[in-house]
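User: I'm new to this structure and would like to learn how to read it. Can you walk me through a few features, with the general idea ahead of each case?

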Amino acid sequence: MGPDRFVMGVFNSEDRTAAAIKALRKSPFTVERVNSPIPSHTISAALELKKSRVGYFTLAGGIFGFFAGFALALFTAMRWELIVSGKPIAALIPFFIVGFEFVILFAVFGNIIGFIVQTGLPNFKGLERYDPRCSGEHFGILASCRPDEQDSLRHFFHENGGEVVDVHE
Amino acid sequence: MSELTFAKIDQTVIDTLRPPGRIYWLTVAALFGGVLIGAACWIYQIFTGIGVGGQNNPVAWGTYLINFVFWVGIAHSGTLISAILHLLRAGWRNPIARAAETMTVFAVCTAGLFPFIHLGRVWVVHYMLPIPNQRTLWPNFQSPLMFDVVAISTYLTVSSLFWYTGMLPDLAAIRDRASGLRKTIFTYLSLGWTGEHEQWRHYTRIYLFFAALATPLVISVHSVVSWDFALGIVPGWHTTIFAPYFVAGAIHSGLAMVITLMIPLRKIFNYEQIITIRVLENVAKTIIFTGLIVGYAYGTEFFIAWYSHNPVEVAIFKWRVTGDYSVQFWIMVICNTIVPLAFFVKKVRTNLVSLMLISILVNIGMWFERFVIIITSVGRDFIPHAWGHYMPTAIEFGIMLGSFCLFFFLFLLFVKHLPSVSMTEMKELMNHGGDHGA
């Protein structure tokens with residue numbers, strides 16, 4: 001029988017949340033999600049989260065941007081091969097500046113694309129099993145369990161300092 | 001600091017979004033009136049011709065370019081505060097980061113209008129875009145003016161994305177405390193943000209990358225703006241010090257604008273516990289630093305002119321000090337380098353009146369710095385019979401008024417409709433026991 005009950009424990013401190021996560025990970029229950037008003041290294045450590053891979057998107061964007069910028073400048077120069085003031089038509093130094101600006105621009109695009117791909121935003125379904133207090137001063141842990149374990153999960157949250165417990169089908 | 005809690009931070013910021021009173025709307029209306037005056041002047045110029053401005057041979061670059069450089073400069077401190085100080089882990093930047101970032105976005109928008117205005121024939125603006133066309137003409141990417149198009153548009157895009165991404169958790173916090181139409185709007189604006197651990201994992205990473213990318217960008221943008229001048233062989237412009245000189249000047253003026261905006265903001269919105277005197281004091285200390293760099297750059301320019309033994313360079317710098325625009329020159333020197341030294345005195349940099357006064361003087365000084373650089377160099381270059389003077393016309397003053405009104409109009413709309421202090425960054429600071437100066 002698969003887990004079909006979701007119980008949310010709401011905590012008022014980062015440390016209690018992290019302690020509850022550690023205890024949950026040792027229990028038969030599953031941590032589905034942790035909501036917090038701030039980014040927390042303590043919670044990340046408790047969840048043993050790996051470093052985000054969004055940087056690969058940023059790097060790819062930056063590399064693409066450099067070649068795109070440089071190629072654009074080179075292409076436009078080659079369309080009109082008129083020597084002005086004895087300057088070379090394919091002038092590397094000024095084209096490098098365009099390349100540099102494009103590095104930043106496309107790295108940022110890569111950054112945003114990476115963020116969207118990795119987080120799945122925009123996603124309004126996450127609001128369904130969500131406690132609005134978690135954007136204020138509380139931390140929420142959504143854990144799943146079998147229907148017959150629901151009461152023991154509620155009890156677990158109470159024992160670990162969870163202030164309020166919400167149950168979602 | 002001890003009196004602040006997560007709830008109090010939320011409440012203080014959300015209180016600023018309450019329906020505004022009559023004074024607010026009257027101010028907004030007055031500023032909008034100023035914007036309309038500027039727009040009317042621009043429309044008149046479009047129909048009549050660029051000659052309605054004071055630009056003419058030999059001074060072909062007037063207030064439009066002065067204001068362009070001024071507003072790009074104002075934008076820079078926003079990125080300094082949001083990106084560079086974030087990388088340096090300076091906790092005191094958290095209370096003012098959002099407002100400074102917003103200032104960046106609106107200042108770049110305002111600056112971006114001036115090349116369009118200066119073009120005269122604005123309908124041919126698409127000539128600057130590298131798109132296939134029947135003329136078989138392409139933009140010349142060897143020109144610093146084209147560097148500018150690329151740099152400024154990149155800067156506007158990056159700052160806007162940085163600003164919006166940084167605001168996501170706060171938009172969600174407002175959504176969770178709103179009802180009705182406001183809740184619907186903020187639900188869509190926050191993109192369904194829930195502060196889930198997976199979201200934070202990626203968010204903190206992209207925020208760091210944003211800061212790391214915005215830092216070289218901000219330096220490159222004003223360097224590129226300086227090359228609009230430095231790559232010309234005009235005396236007074238053709239010097240290698242221009243890039244660092246412009247970057248320091250830009251941050252100097254931007255920090256002054258931050259103080260000018262933050263003092264009324266903290267008073268009107270009861271932000272005294274968040275934007276503390278010590279935060280403003282730290283901005284003032286940074287102004288001393290940038291002011292000293294700017295002063296050093298002024299001195300270096302004169303030294304280079306003297307040391308070069310180039311008679312044209314020597315003449316132009318002597319003329320700046322004693323010639324027709326010497327009043328503007330001395331306003332620049334006094335306001336930008338001497339007045340900020342008053343911040344060495346603790347009483348001055350912790351007093352709101354003196355902070356406000358000095359920040360306004362620095363803004364005035366930095367506007368005149370751009371005036372002195374642009375006008376004096378082309379007014380007297382190599383050929384004495386082609387020397388000339390420049391005086392802005394009423395149309396130029398109207399457009400300048402419009403630009404200032406547009407900036408403050410946008411800022412005023414922002415502070416009543418979106419969170420002007422980053423709640424998340426303030427909570428983060430509190431959580432880490434950081435000192436933001438209370």
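Analyst: Let's begin with handedness. A crossing of two helices is right-handed if the near helix is turned clockwise from the far one by less than a right angle, and left-handed if the turn is anticlockwise. Keep in mind that this is a predicted model. Here, α1(B) passes α15(B) in a right-handed crossing.

User: Which residues make the contact of α1(B) with α15(B)?

Analyst: From α1(B) come F6(B), I9(B), D10(B) and V13(B), and from α15(B) come M423(B), M426(B) and K427(B). By class, that contact has five nonpolar and two charged residues, with no polar ones. The general idea behind such spacing: an α-helix has 3.6 residues a turn, so residues three or four places apart point the same way.

User: At what angle do the axes of α1(B) and α15(B) cross?

Analyst: Helix α1 (residues 6-15) and helix α15 (residues 423-431), both of chain B, have axes that come within 10 Å and cross at roughly 155 degrees. Angles over 145 count as roughly antiparallel, so that is what α1(B) is to α15(B).

User: How about a helix on its own? What should the 34 residues of α7(B) span?

Analyst: At 1.5 Å a residue, helix α7 (residues 197-230) of chain B should span 50 Å, and its end C-alpha atoms are 49 Å apart, which agrees. Of its 34 residues, 26 are buried, so α7(B) is largely enclosed by the rest of the structure.

User: Now the backbone. What should I look for?

Analyst: Most residues other than glycine have a negative phi, and most peptide bonds are trans. A cis bond joins L121(A) and P122(A), with omega about -5 degrees; P122(A) lies in the loop between α4 and β3 (139-145) of chain A. In chain B, the peptide bond from N57(B) to P58(B) is cis, with omega near 0 degrees, and P58(B) sits in the loop between α2 (22-48) and α3 (63-87).

Definitions and conventions: Residues are numbered from 1 along each chain as its sequence is written. Chains are lettered from A and ligands numbered from 1 in the order in which they are written. This is a predicted model: local features need pLDDT of at least 70, side-chain atom pairs count only at pLDDT 80 or more; totals for chains, interfaces and linings use all residues. Axes are lines fitted to C-alpha atoms, for helices over the stretch in contact, and angles run from 0 to 180 degrees between N-to-C directions. Helices (H or I, at least four residues) and strands (E, at least two) are DSSP runs, numbered from the N terminus. Angles under 35 degrees count as roughly parallel, over 145 as roughly antiparallel, 65 to 115 as roughly perpendicular and the rest as oblique. Two residues are in contact if their C-beta atoms, placed from the backbone, lie within 7 Å. Ala, Val, Leu, Ile, Met, Phe, Trp, Tyr, Cys and Pro count as nonpolar, Asp, Glu, Lys and Arg as charged, and the others, Gly among them, as polar. The expected span of a helix is 1.5 Å times one less than its number of residues. A residue is buried if 20 or more other C-beta atoms lie within 10 Å of its own, exposed if 12 or fewer, and partly exposed in between; C-beta atoms are placed from the backbone.
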